[in-house]
Amino acid sequence: MQRTRRHVLSLAATLLGAACLPAQAAGFPDKPVKVAVGFAAGGGADIIARLVGTQMGAQTGQSFVVDNKPGATGTIAATFVAKAPADGYTLFLGSQSTMLVAPAIYPKLQFDPIKDFTPVSMLVSMPMILAVHPSVPAKNMQELIALARKGGLSYASAGAGGPQHVAGELFKTGLGLDITHVPYKGEAPALTDAIGGQVPVLFSNVPAVSQYIQSGKLRAIAVTSLKRHPAFPDVPTIAESAKLADFEVLTWYGLFAPAGTPADVVKKLESEAIAALKSKELSGKVTEQGFTIVGSTSAQFSDLMKAQVPRMARLIQAAHIRAD
């Protein structure tokens, strides 16, 4: 009798606990989820948002709809999500440029990368490639440096304050070069002008630029990671080819929810994102695009953000990098 009574009480407590769970967490998601991307369609952020969103949609039975809101280094989209309802149905595909660099160069942002967001999962990371138009008379780093010292060169990036801009400015200052920065509203328009020869030099993420290097429309000079990229084993790193020890600038993409999103909803999004990245349907496509799969937990991503926001601010200040 006593055992039966304890069983009944335990069952009642379980049912009461379930009743106290947020309704949205119990059946989340039960409608489409919007994923805001701060850059134009066709760039690295857009590619990963659509790949991961499609797989998460297949797993949950609900659509994850990409909403491109380009401009201001992704801060337009970030501001939109920071002010959205904290229910898990509006997410932000954040990047290093928006969440780490922008706060260091834009003094009047309408969001705080730590206080206004809950990190869900860092999805992927990747290096960038320093590439040139085939008309540029430089086939390697030393020839490019010699050409730059003559003056008149310019380089394109996906936007002022983005990781490509950071890489370009650190490259310039490290070698004492005078190269003009030409910012665009996303990787796609930057690539268009670089392929057309309007801007001779380009810093771009591997996934966005790889097909144009393989087709000969652009020539790869170096990668911004400390190790050579497996997709381009013959392309040296900037650290080795330019003799800039420890030069490394990576970019990453991760999912963020508005601050205050219920923990159970964040956990659900985290688990679905990690499962999507590990799935056979997606993992091969991600690596083929040049991404390295990360798939962090929310806690791991949160710890990284708390450490990296002040670190990037110190780096930006030391390199005198400003928004154009």
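## Contact order and overall form

Of the contacts in the chain between residues at least 6 apart in sequence, 77% join residues at least 24 apart; contact means heavy atoms within 4.5 Å. This is a predicted model, in which local features need pLDDT of at least 70, side-chain atom pairs count only at pLDDT 80 or more, and totals for chains, interfaces and linings use all residues. Residues are numbered from 1 along each chain as its sequence is written, and side-chain values use heavy atoms, with hydrogens and water left out.

The chain holds 13 helices and 10 strands. These are DSSP runs numbered from the N terminus: helices are H or I with at least four residues, strands are E with at least two. The chain has a radius of gyration of 22 Å, close to the 20 Å that the globule rule gives for 324 residues, so it is as compact as a globular protein of that length. That radius is taken over C-alpha atoms, and the rule is 2.2 Å times the number of residues to the power 0.38. The C-alpha trace spans about 90 × 40 × 30 Å along its principal axes.

## Burial and cores

Buried residues account for 54% of the 324 in the chain. Buried means under 20% relative accessible area, exposed over 50%, and partly exposed in between, with a 1.4 Å probe and protein chains only. In soluble globular proteins, nonpolar side chains tend to be buried together.

The largest nonpolar core has 50 residues. Such a core is a set of buried Ala, Val, Leu, Ile, Met, Phe, Trp, Tyr and Cys residues joined through side-chain atoms within 4.5 Å. Phe92, Phe117, Met141, Phe171 and Ile238 have the most contacts inside this largest core. Helix H13 (residues 298–319) gives the most to this core, with six residues. A second, separate core has 31 residues, including Ala49, Phe64, Val66 and Val286. Beyond its neighbours within four places in sequence, Met141 touches Leu130, Phe171, Ile221, Ala222, Ile238, Ser241 and Ala242.

## Helix H5

Helix H5 (residues 96–105) is mostly covered, with eight of its 10 residues buried. They are Gln96, Ser97, Thr98, Met99, Leu100, Val101, Ala102 and Ile105. Their packing partners are helix H4 (75–82), strand S3 (90–95), strand S4 (117–132), helix H7 (163–175), strand S9 (250–258) and H13.

## Helix H12 and its partners

Helix H11 (residues 263–278) packs on helix H12 (residues 280–288) at about 70 degrees, with the axes 5 Å apart. Axes are lines fitted to C-alpha atoms, for helices over the stretch in contact, and angles run from 0 to 180 degrees between N-to-C directions. H11 and H12 are therefore roughly perpendicular. Angles of 65 to 115 degrees count as such, under 35 as roughly parallel, over 145 as roughly antiparallel and the rest as oblique. Ala276, Leu277 and Lys278 of H11 meet Lys280, Leu282 and Ser283 of H12. The residues of this contact divide into three nonpolar, one polar and two charged. Here Ala, Val, Leu, Ile, Met, Phe, Trp, Tyr, Cys and Pro count as nonpolar, Asp, Glu, Lys and Arg as charged, and the others, Gly among them, as polar.

Helix H3 (residues 44–60) also meets H12: the axes come within 10 Å and cross at roughly 170 degrees. H3 and H12 are therefore roughly antiparallel. Ile48, Leu51, Val52 and Gln55 of H3 make the contact with Glu281, Leu282, Lys285 and Val286 of H12. By class, five of these residues are nonpolar, one is polar and two are charged.

## Loops and backbone exceptions

His133 sits in the loop between S4 and helix H6 (141–149). His133 counts as buried, at 16% relative accessibility. Leaving aside neighbours within four places, His133 contacts Ala194, Ile195, Gly196, Gly197, Pro200, Lys217, Leu218 and Arg219. Gln62 lies in the loop between H3 and strand S2 (64–68).

Most residues other than glycine have a negative phi, and most peptide bonds are trans. The bond from Phe28 to Pro29 is cis, with omega near -10 degrees. Pro29 is in the loop between helix H2 (23–26) and strand S1 (33–37). Lys243 has a positive phi near 60 degrees, and Asp246 has one of about 65 degrees. Lys243 lies in the loop between helix H10 (238–241) and S9; Asp246 lies in the loop between H10 and S9. Lys243 is exposed, with a relative accessible area of 68%. Asp246 is exposed, with a value of 68%.
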